[in-house]
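Open the model in a viewer and follow the selections below in order.

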Amino acid sequence: MNNQFKGLKIVLYYTGYITLGFSILNLLPVAVALLYSDFSSALDFILTFSISAILAISMMTYGSETRTLKGSINLRYGLTVASLTWVVLTMLAAIPYMLSGHMISYLDACFDVMSGFTTTGVFLLQDLDHISQALNFWRHLLTFVGGQGMVVLALSFFVKEMGSGYKFYVGEGKDIVLVPNVKGTTQWIWKISMVYLAIGTLILWISAMGLGLSPLPAFFHALYVFEAAWSTGGFAPNLQNIMYYHDFGFELIGMVFFIIGSFNFGLHFALIQGKKKEFFKNIEVISFTITSLLGTALAVFALKNAGVYSDGIALYRRVVYNVLSAHTTTGFGSIYARQFALEWGGLGITVMVIAMLIGGSACSTAGGIKGLRVGIIFKGIVSDIKKLVSGENSVKVVKYHHIKDLILDDAVFRSSAAVAILYLVMFAGGVIITTAYGYPLAESAFEVASVSGNVGLSIGIISAQMPTLMKWYYMMAMYLGRLEFISVLALIGLMFKGAKQWLRRY
Amino acid sequence: MKRVLIELKGFMIEILFTLGLMVLYVLVIWILTL
């Protein structure tokens, strides 16, 4: 292969491949639009399909020499493909948003798509209650696909063309190997999601019909709520979010699926393989159980004492629900945004911020620092304290259980701590920017934790009228939070290297 | 067929475990509202 622009060709070739797969997804909302005889929306998606397919084929043609490598590529290119794909697809998926007439600017459209892809759930879309069924379908499809990972989806189909598959999907924050081959792993991820999609949509469909919705709208509501719950996305087809249904049973069903959705795909796989004990031994489940119980206890204590919610049912529906929605990084809200600011008080907001920053499990659809890292950091610190107190000179092996028994060495601790620190730096940067624009500290911390952890709950700051710099920063926080920094840093590194080479040449 | 049933059982077990976890939060409220 010609060495000139080799890296660029490799990256564009594989990004084109994934973009081509994505373009086909546009045909699903076309079918929904035609079902509702909504030809205007159908045209929006046909146009997006055409633009995406042409761009994808152009990228693949430019990098066609990559085929000679037969899928054997360097890890940094794999990471770069993953991060670049998310940018390209965000820009393309924003086209139907823009054409719908419900967005004020293209930046707002990209913000909403990034929020969907990263399973965050905040939005700048105008008049959500009156958007077309096709666009609503598109919003939830993006969040569902984003939850599993676009690269993971592409690998399920194009694995022959993308031989170094692991190097691609590790860039999406899913460093998991369920079975020895890449295709098997990615297909298992989709198989698990599709089985839950069938189970969850069916249960929610029956429940929605029980609430009085006729079968077809009930089906779409069920599908959307499931997709948003499973992907820990938090989108809902109506402005009132989960409050629209006004039903405890419906909320509970959604809650079951967003908790399961926040668990590691490795855990799902182990349970499906009959390893029941994994649920009780896994460090992430233990970490989630402890932190969620502590969080709910503190929030219930604070809000009960403040007299905001008096009875047990209200505490479960309004407090436990929102704390778990925050902790699993879902973002379904069972109270209005401003109620957090006006009723929850300092302790309530602090619990929510911490829960959002911790987030769900690694290799799941959830965001945040992740339970695995929190568990490792906690265990590492406890072991260091024990060593100091006992004054032992001998080296003691510390282990943790995550699918199998693993050794907690310095490298594991360091990589977990590094990602956690990067999250906190990103969070601090966002709080500085938001407070600089005059927003109160507690509200700024809430909103920035929500976007950094890919949660989607809002306290009322995020709106189409907020400053442009904040829109850009929040988008970047969602993107970095979802891809867990490394692949984005690889993309930036490669861009700088390419620019340096280009400047030297000319 | 047998494998499909085992896998479906796995999905059901995960749902049941999650429901069990959700009961723990009821206990939290119960203890704090006593």
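Start with chain A and colour it by domain: the assignment, automatic or from a database, gives domain 1 (6-261) and domain 2 (275-466). This is a predicted model, where local features need pLDDT of at least 70 and side-chain atom pairs count only at pLDDT 80 or more, while totals for chains, interfaces and linings use all residues. Residues are numbered from 1 along each chain as its sequence is written, with chains lettered from A and ligands numbered from 1 in the order in which they are written.

Taken over C-alpha atoms, the centres of domain 1 and domain 2 of chain A are 25 Å apart. Their contact (C-beta atoms, placed from the backbone, within 7 Å) takes 31 residues from domain 1 and 27 residues from domain 2.

On the domain 1 side, select helix 6 (133-148), helix 10 (215-230) and helix 11 (248-261) of chain A, the elements that give two or more residues to it. Helices here are DSSP runs of H or I with at least four residues, and strands are runs of E with at least two, numbered from the N terminus. Helix 11 of chain A gives the most to this side, with 7 residues.

Select His401(A) and its bridge partner in strand 2, Asp405(A). The hairpin has 1 residue between its strands, and Ile403(A) in the turn has a positive phi of about 70°.

Finally, show chain B: 19 of its residues are in contact with 24 residues of chain A.

Technical notes:
Two residues are in contact if their C-beta atoms, placed from the backbone, lie within 7 Å. Two strands pair if DSSP finds at least two bridges between them.
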